[in-house]
Amino acid sequence: MSIFYHKGSKECIGVTIGYTVKPTSLGYTNVGWSYFLVLGERCPDVTGYVFSKAFNSCYKVHVYDTTLRYDDYSQICKSEGGELMKIDSDEKQQHIVIFLDQFDISQWIFFQGTHLLSEPTWRYDDGSVISYFNWYASQPDSSRQDTAEYLCMRRSDQYQWHDCWKSMTGAFICEIQII
């Protein structure tokens, strides 16, 4: 459930039709409105997860930490009962872009996807081949700095995808599938 509150008019709007981001989707402007998300019991009791009815999953953005790398991101997601988010459709890409715009993240944002430079395909962590991509114009560029590259994106490139290296740092998105 999403709740919007306007301090000036003392108006409150509750929306139960999935994750609604901004009051503009309800015909209101953003000026003066505060947004609140009421976490439902669908998401596990792990702080910061948001439920997506459209994808029947819960997800969370972990903010930038210079001490963490891609392998750490996967381990943190697993410790919370999930995995790095799989973005496997344009619908999911657009959904997560709207969610990410709520945050002030200027660094790289990592999600699931690995490419071993010795192979032609990109794969998810379970070994399945990735078929949906949203590449930035100059990507992938596969400059050989390492044996593998990883999927990432950033706001300044309209959340289009880049191939990033293990040594790069950023924020990351975990996802827990709800059964």
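Student: What share of the contacts with a separation of 6 or more joins residues 24 or more positions apart?
Tutor: In this predicted model, such residues account for 64% of those contacts.

Student: How many helices and strands does the protein have?
Tutor: There are 2 helices and 10 strands. From the N terminus on, their order is β-β-β-β-β-α-β-α-β-β-β-β.

Student: Why is S52 called buried?
Tutor: The relative accessible area of S52 is 1%. Buried means under 20%, so S52 counts as buried. This residue lies in strand β4, residues 50-52.

Student: What makes the pair S52 and H95 a polar contact?
Tutor: Their side chains are joined at 3.4 Å, and the cut-off for a pair of N or O atoms is within 3.5 Å. The side chain of S52 also reaches the backbone nitrogen of F55, at 3.3 Å.

Student: Which residues is S52 in contact with, leaving aside its neighbours within four places in sequence?
Tutor: They are S57, Y59 and H95.

Student: How do you know that the buried residues Y70, Y73, S74 and C77 of helix α1 are on the same side?
Tutor: Those four lie in α1, residues 70-79. They cover an arc of only 95 degrees around the axis, which puts them on the same side of α1. In general, an α-helix has 3.6 residues a turn, so residues three or four places apart point the same way.

Student: What covers the buried residues of α1?
Tutor: The cover includes β6 (83-84), β7 (108-116), β8 (148-153) and β10 (170-177). Just after α1, G81 takes a positive phi of about 90 degrees.

How values were computed:
Residues numbered from 1 in each chain as written. Predicted model: local features only at pLDDT ≥ 70, side-chain atom pairs only at ≥ 80, totals over all residues. Heavy atoms only, no water. Buried < 20%, exposed > 50% of the residue type's maximum accessible area, 1.4 Å probe, protein only. Polar contact = N/O pair within 3.5 Å; in protein donor to acceptor, adjacent residues only side chain to side chain. Contact = heavy atoms within 4.5 Å. Arc of directions from axis to C-beta.
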